[in-house]
Amino acid sequence: MIFLSGLPSKIEKDGFALVHGSPRQPSWEYVLSLSIARENFTCFTTLFCLTGHTHVPAAYMRKSSTVSAVTLSENVGLALGDIPMMLNPGSVGQPCDSDPRASYAIYDSQVGIFRLHRVPYNIAFVRDRICGYGLPVRLASRLEPGV
């Protein structure tokens with residue numbers, strides 16, 4: 001835990017802000033709605049912000065004063081141009097969007113494409129490890145349904 005506490009809560013690099021939760025509250029806030037996304041666009045100075053914490057893939061864009069959700073589809077690239085966006089690639093563990101597969105994204109900086117990917121993993125193995133470490137059973141039981 002000491003290692004984690006020594007890390008910065010927000011990193012800005014190469015046009016991206018990186019946070020765990022939200023730009024406004026990098027460690028704790030969940031960006032799960034348009035209203036929360038709208039409030040967070042003023043909290044980063046880069047063009048794009050990568051978020052997490054929700055374990056749900058999501059994207060939001062801001063054009064002028066309008067914020068809208070952007071659909072992220074598996075293996076379909078999302079072109080990142082000059083419109084500010086907040087992007088969440090989902091989670092490689094503890095998914096919360098009813099899809100038990102690991103979710104991640106790759107950004108191809110050469111062509112400016114953000115692409116969401118899903119891959120299956122050995123849920124039974126992970127479930128057994130969670131229980132073996134004495135972690136709460138709910139963490140193991142939610143893996144298969146992805147909730």
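Is Leu4 buried or exposed? Hi everyone, let's start there. Leu4 counts as exposed, because its relative accessibility is 52%, and the cut-offs are under 20% relative accessible area for buried, over 50% for exposed, and partly exposed in between, with a 1.4 Å probe and protein chains only.

A word on what you're looking at. This is a predicted model, where local features need pLDDT of at least 70 and side-chain atom pairs count only at pLDDT 80 or more, while totals for chains, interfaces and linings use all residues. Residues are numbered from 1 along each chain as its sequence is written, and side-chain values use heavy atoms, leaving out hydrogens and water.

Back to Leu4, then. Leu4 sits in helix H1, residues 2-5; helices here are DSSP runs of H or I with at least four residues, strands are E runs of at least two, and both are numbered from the N terminus. Together with Phe3 and Leu7, Leu4 makes up a nonpolar surface patch with about 340 Å² of accessible area. That area comes from the Shrake-Rupley method with a 1.4 Å probe, and for residues only the protein chains shown count as cover. Patch members have over 30% relative accessible area and no salt bridge, with nonpolar side chains (Val, Leu, Ile, Met, Phe, Trp, Tyr) joined within 5 Å and like charges within 9 Å. A salt bridge, in turn, is a side-chain nitrogen of Lys or Arg within 4 Å of a carboxyl oxygen of Asp or Glu.

Now the cysteines. If a disulfide is a pair of cysteine sulfur atoms within 2.5 Å, how many are there? The count is zero. Cys49 is in none, and its nearest cysteine sulfur, in Cys43, is 9.3 Å away. Cys49 is also buried, because its relative accessibility is 0%. For Cys96, the closest cysteine sulfur belongs to Cys131 and is 17 Å away, so a bond is out of reach. Cys96 is partly exposed, at 32% relative accessibility.

Next, backbone angles. His55 is in the loop between strands E3 (48-50) and E4 (58-63), and at 23% relative accessibility it is partly exposed. Ser98 falls in the loop between E7 (85-88) and E8 (102-108), and is exposed at 53%.

Last stop, helix H3, residues 123-132. Asn122 caps its N-terminal end, with a side-chain oxygen 3.4 Å from the backbone nitrogen of Ala124. Just after H3, Gly134 has a positive phi of about 75°. Thanks, everyone!

Note on methods. Polar contact = N/O pair within 3.5 Å; in protein donor to acceptor, adjacent residues only side chain to side chain. Disulfide = S-S within 2.5 Å.
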